[in-house]
Amino acid sequence: MPIYEYRCEKCHELTEVIRSMAAADEPMACEACGHDQTARVHSVFSAGSGQPDPMPMGGCGSCGDPGATCPFR
């Protein structure tokens, strides 16, 4: 199940909750202050491959340049 984040409209704290996608928009009480007015926020996530870095010395994944000249670094 996905993790959703909700921001409290009173204290502005974030609460993370694991819940089904069907329940994502259901009301959520703030864990910090108990206020019942929260709004779901878009969150960022990172999904690693679990594989070792092919260029552990800092090379760029776009061009392979191990130096600092790559514009994608």
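These notebook entries record what I looked up in a predicted model of one protein chain.

**Entry 1. Ground rules.** I noted that residues are numbered from 1 along each chain as its sequence is written, and that side-chain values use heavy atoms, with hydrogens and water left out. The model is predicted: local features need pLDDT of at least 70 and side-chain atom pairs count only at pLDDT 80 or more, while totals for chains, interfaces and linings use all residues.

**Entry 2. The chain as a whole.** I looked up the elements and found 0 helices and 3 strands, in the order β-β-β from the N terminus. Helices (H or I, at least four residues) and strands (E, at least two) are DSSP runs, numbered from the N terminus. The chain has 73 residues, of which 19% count as buried. Buried means under 20% relative accessible area, exposed over 50%, and partly exposed in between, with a 1.4 Å probe and protein chains only. I also recorded that the chain exposes about 5,800 Å², of which carbon and sulfur atoms supply 55%. Accessible areas come from the Shrake-Rupley method with a 1.4 Å probe; for residues, only the protein chains shown count as cover.

**Entry 3. The core and Y6.** I listed the largest nonpolar core as Y4, Y6, V17, A24 and M28, 5 residues in all. Such a core is a set of buried Ala, Val, Leu, Ile, Met, Phe, Trp, Tyr and Cys residues joined through side-chain atoms within 4.5 Å. Leaving aside neighbours within four places in sequence, Y6 is in contact with several residues, including V17, A24, M28 and T38. Contact means heavy atoms within 4.5 Å.

**Entry 4. T38.** I then turned to T38, which is in strand 3 (residues 38–41). T38 counts as buried because its relative accessible area is 18%. Its side chain reaches the backbone oxygen of M28 at 2.6 Å. Not counting residues up to four places away in sequence, T38 touches Y6, R7, C8, M28, A29 and C30.

**Entry 5. D25.** I found D25 in the loop between strand 2 (14–18) and strand 3. The side chains of D25 and R40 make a polar contact at 3.1 Å. A polar contact is a pair of N or O atoms within 3.5 Å; within protein, one must be able to donate a hydrogen and the other to accept it, and residues adjacent in sequence count only if both atoms are side-chain atoms. D25 and R40 are 15 residues apart along the chain, and their C-alpha atoms are separated by 7.3 Å.
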